[in-house]
Amino acid sequence: MAVLVAYDGSAPARKAVEHAFETHSDEEIILLRVVEAAEGSTGAGIELLKDMFREREAEISEGFGDEVSDIVSTDGVDFRTETAVGQPAREVVAFAEENDEIEHIIIGSHGRKGVSRVLLGSVAENIVRRSPVPVTVVR
């Protein structure tokens with residue numbers, strides 16, 4: 001079984017990675033970076049982005065793995081990195097739905113409150129509402 005961690009490089013996402021490696025070191029950890037497609041992107045534009053990232057996937061994964069090593073000790077922890085293109089909440093939920101080994105999702109929260117949260121929406125909230133598996137939100 002595996003734990004999915006949504007990672008975008010932000011401080012809350014870094015805390016989510018730390019939490020995952022501290023509490024789930026005996027499980028496979030999958031770090032998913034979603035490259036956000038611009039609002040209103042066409043299907044063809046998103047497919048072009050996906051093709052570009054597939055071509056550079058080895059390079060991206062290596063850099064991503066190095067970034068994770070800067071956050072936590074990866075010694076003895078089974079982890080891998082994945083990249084998706086699209087809307088972050090939608091892609092995280094889709095990844096969990098499409099991969100039966102995912103039994104838990106861990107995400108960081110930016111902690112927006114009030115009007116800011118209402119106007120901007122919340123990726124974390126959308127993932128919690130739509131996830132097919134339990135979600136831990138790290139503040």
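Trainee: Over how many bridges do E2 and E3 pair in the parallel sense?

Mentor: In this predicted model, local features need pLDDT of at least 70, side-chain atom pairs count only at pLDDT 80 or more, and totals for chains, interfaces and linings use all residues. Residues are numbered from 1 along each chain as its sequence is written, and side-chain values use heavy atoms, with hydrogens and water left out. Strands (E, at least two residues) and helices (H or I, at least four) are DSSP runs numbered from the N terminus, and two strands pair if DSSP finds at least two bridges between them. For the parallel pair E2 and E3, the number of bridges is eight.

Trainee: Which residue in E3 stands opposite Val35?

Mentor: E3 is paired in the parallel sense with E2. The residue of E3 opposite Val35 is Val85.

Trainee: Which are the edge strands?

Mentor: The five strands form an open sheet with parallel pairing, in the order E3-E2-E1-E4-E5. The edge strands, each pairing on one side only, are E3 and strand E5 (135-138).

Trainee: Which residue in E4 stands opposite Val3?

Mentor: E4 pairs with E1 in the parallel sense, over four bridges. Opposite Val3, E4 places His104.

Trainee: In E5, which residue is the bridge partner of Gly108?

Mentor: E4 and E5 run parallel and are joined by four bridges. In E5, the partner of Gly108 is Val138.

Trainee: How many of the seven residues of E4 are buried?

Mentor: Buried means under 20% relative accessible area, exposed over 50%, and partly exposed in between (1.4 Å probe, protein chains only). E4 is largely enclosed by the rest of the structure, because the count of buried residues among its seven is six.

Trainee: At about what angle to E4 does helix H1 run?

Mentor: Helix H1 comprises residues 11-23 and lies across strand E1 (2-6), E2, E3, E4 and E5. Its angle to E4 is about 140°.

Trainee: Which residues of H1 are buried?

Mentor: H1 has 13 residues and reaches 18 Å from its first C-alpha to its last, close to the expected 18 Å; the expected span is 1.5 Å times one less than the number of residues. The buried residues of H1 are Pro12, Ala13, Ala16, Val17, Ala20 and Phe21.

Trainee: Are the rings of Phe21 and Phe79 stacked or edge-to-face?

Mentor: Rings of Phe, Tyr and Trp (its six-membered ring) pair if their centres lie within 6.5 Å; planes under 30 degrees apart count as stacked, over 60 as edge-to-face and the rest as tilted. One aromatic pair is found in a search of the whole structure. The ring centres of Phe21 and Phe79 lie 5.6 Å apart with planes at 65°, so the pair is edge-to-face.

Trainee: How many salt bridges does the structure hold?

Mentor: Side chains of opposite charge can pair when their charged atoms come close. A salt bridge is a side-chain nitrogen of Lys or Arg within 4 Å of a carboxyl oxygen of Asp or Glu. The structure's salt bridges number four.

Trainee: What N to O distance is found in the salt bridge of Arg80 and Glu82?

Mentor: Arg80 is partly exposed at 27% relative accessible area, whereas Glu82 is buried at 19%. The N to O distance between Arg80 and Glu82 is 2.4 Å.

Trainee: How many residues apart in sequence are the parts that Glu101 and Arg80 tie together?

Mentor: Glu101 and Arg80 form a salt bridge, with closest N and O atoms 2.9 Å apart. Glu101 lies in the loop between helix H4 (88-98) and strand E4 (102-108), and Arg80 in strand E3, so the separation in residues is 21.

Trainee: Which residues do salt bridges that share partners join into one network?

Mentor: Glu101 is partly exposed, at a relative accessible area of 25%. Through shared partners, the salt bridges form one network of Glu28, Arg80, Glu82 and Glu101.

Terms used:
Contact means heavy atoms within 4.5 Å. Axes are lines fitted to C-alpha atoms, for helices over the stretch in contact, and angles run from 0 to 180 degrees between N-to-C directions.
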